[in-house]
Amino acid sequence: MLGTLLRRRVRTFSNTIGHWSRYECLRNSAFGAAGFGLLFGLHDGFYRLLKHLSGIELIGLLLTWKLTAMLLLMTFMMVVVSSLLTALTTLFYSYDLKFLLKAPVSLRAVFLDKSLESAFFASWMIGLILVPYVGAIMRVRGLGMGYFLAFSASLPPFLLLAASFGIGFTLLLLYLFPSARTRDVVWVFSSLSLTVVYGLARLAQPEKLVRPDALRAVAEYLNFLQAPTAPYLPSWWLAEALRMAAEGDWRGWASRTAGLWGAAAAVYGLLMALAGRIYFIGYSGAQEGALRRREHSFRLLPEQRLLGMRSAAVLLWKERTTFFRDVKHWSQILLVMGLVFVYLFSIRRLPLDTAELRGLVSFLNVGAAGFVLAALGLRFTFPAISLEGRSWWVLRSAPIDVSAVMREKLVFSGAPMLLIAATLAAMTNWILETDRFTAWLTLGALLTVGFAICVMGVGFGALFPNFLVENIHQVESSVGGFVYMAACLFYVGLTVALLAAPMQMHFAERFGTGVWNSRPALYAGAGWLALNAVALIVPWRLGRRALENHE
Amino acid sequence: MIRLEGLGKDFGAHPAVSGLDLEVRPGEIFGFLGPNGAGKTTTVKMMTGLLKPTAGRVLIDGLDLAADPIAAKRAMGLVPDEPFVYPKLTGAEYLRFIGELYGVPLADIRRRVPELLEMFELVPWSGELLESYSHGMRQKLVLAGILLHDPKILVLDEPMVGLDPKSGRLVKDIFVRLARRGTAIFMCTHVLEIAEKLCHRIGIMIGGRMVACGTLDELRAQSRKEGRDLESIFLSLTGGAEYSTLLRHL
């Protein structure tokens, strides 16, 4: 029976590819090539890092494997947290579950089919990142394709084991508390876990690996290097397997890999046995709606007091109400807070000794913080139109213009985005004790970047709407999301390049090596205005037209 | 009140609707029938501004939908084939939202929402999130939403699906009363009995074209089926002769 279930996936996949139009073939090939380029860039970065580490006398090898163990531990934890969310949606809320559970298929077969799907979606992207890293190890150490095959044999059970934690946890939680409210708890818990994992990864200060002088004593440093990184977790077993394979100890590699496969088989066997007893109880409970009466007073809405009786006010009220009632969305705020904290922590840890260096970093912060804002735009602003979902007909058939809907989305995500932009700029400048000119320039630049990223987010979101998506991740990882992110990065890069001219003159003036020259400053200012005009107008207009014609 | 002039829609090389001419007058209930894939929902979507026609135009209360969509939409209420509504709003909040979108004064919203909720027996559920509503409850809520702004034109795509018998009867009576007050109603349905009893005129669509249109008597004349019911007329017009052969596969 499981074979039939798996065959339907293969058939769906082959039918999807078989029905691609010429345009879709070209488009997907282009994005495939872009993805490959991204992986190659990562590989190059990893190669440079590992080359540098291996060049350090005596401890170069130790450093490489320590970094590998830390990376695998991070990968493991990311897959665990990611699987919490995917297990929840695939095991308990997939559209096809009603069909599968009505069919004469054993519950265990459905569970295994869905848990494999969950493990795949939780791990494929994170697992893919390991490929360029392993490629870098192979290049640095001159290893052949046999090593890559060994890695390919050891990776799947590692990812399956990581995903099994999330699957098992969700299974048990829904069994013990079979209600829709548990779904909300899992969402908050996973967002919180991801924030903690992210924060811990930063607080572990991996930069110490490349700066041995940062640790007080050599003995302390060597202890840090030699200590196993979480030896009871599969990440350490995989790190050991990779190390042994690299050293030609194939017997050691085989025993570690067999251990990983054995553990994966045992854990999934246990989960299957457990699922036969408890899966349906959890599934049944998860379908029950959480009833909690909310009385609506027909008084003026807060937005109406602020904006008057225009449709914009009621659209904004609807957006605010639905956002804060949907735990999937508001729980992401925890991640944003974690991101801002880690960002500012990283700024604080930078070894900057001179005022000029601090000024330079403050300026470059426009680029780095711009990247953070673009990532937030991809998560919150870009999907906003698509998240109207199947209720889009309500707005489309109502007597309002699509521009009104777009403006409302802009206001709703623009206000917090500007607050975050201002926080990142002001806090960074305060930490770095930046001079007044640089502080005002970077604050103004980041506020403009934040606003433009929001406008582009709504514009591109309207240009690539998908009202049939099941979750926000499908919107983010779509072609439109890729185009939006690429446009944002291009915009941020150009902003930094254009503002470099006044910054250069400011530095020259401070060092006494030059004075302000109005012509380059004028050109830079005009270029910056033109860039923002294009960023603010073009995606918005294209998006509005696309949304008006959307079918 | 509703006028379709040479309306057409192509999806790539496939014509979903071709050269559709139709007029629905004030106070008239027009039934729109056809087999699955005939182009009924595509027509509804073009009439309500959810799809752009490839050819022709839609006039709503004398207003060209393409030229003046806001005013045209204000005169119209839609019940779609699938009543998807915001899952994180309550029933009362949804009606408030619809009222505000269509410019109903707040005093009227305050008065009408409880009345409509009571009429559709949704009062016990008015404070619950819509994600906990059944299909029929959501259908009733969408109907309450269009009654709140009291449009001159109703466009209904399978409005009876999911309704219990009592609600179904109520909705039918509402349509009849609204028509008497001068509302033009355009209704897609597969329930021939409802079309037969409720509609003043009926149009039958096959393969994107209107193959028959008129009163029941006129349709009988067109199908040359004297004294037969709408089901027989429909089957004869849509290839009913092959119907008996289909049963061989059972």
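Into which domains is chain A divided?

## Model and numbering

This is a predicted model, in which local features need pLDDT of at least 70 and side-chain atom pairs count only at pLDDT 80 or more, while totals for chains, interfaces and linings use all residues. Residues are numbered from 1 along each chain as its sequence is written, and chains are lettered from A and ligands numbered from 1 in the order in which they are written.

## The two domains of chain A

Chain A is divided into domain 1 (42-286) and domain 2 (305-548), with bounds that come from an automatic or database domain assignment. The C-alpha centres of these two domains of chain A lie 32 Å apart. Their contact takes 11 residues from domain 1 of chain A and 12 residues from domain 2 of chain A, where two residues are in contact if their C-beta atoms, placed from the backbone, lie within 7 Å.

On the side of domain 1 of chain A that touches domain 2 of chain A, helix H7 (residues 180-203) of chain A gives the most, with 10 residues; helices (H or I, at least four residues) are DSSP runs, numbered from the N terminus.

## Where chain B touches chain A

The contact between the chains takes 30 residues from chain B and 26 residues from chain A. On the side of chain B, the elements that give two or more residues are helix H2 (69-74), helix H3 (91-101) and H4 of chain B, and the largest share, 6 residues, comes from H3(B).

## Pro114(B)

Pro114(B) has its place in helix H4 (residues 106-119) of chain B. Pro114(B) and Ser236(B) are 122 residues apart in sequence and 46 Å apart in space, C-alpha to C-alpha.
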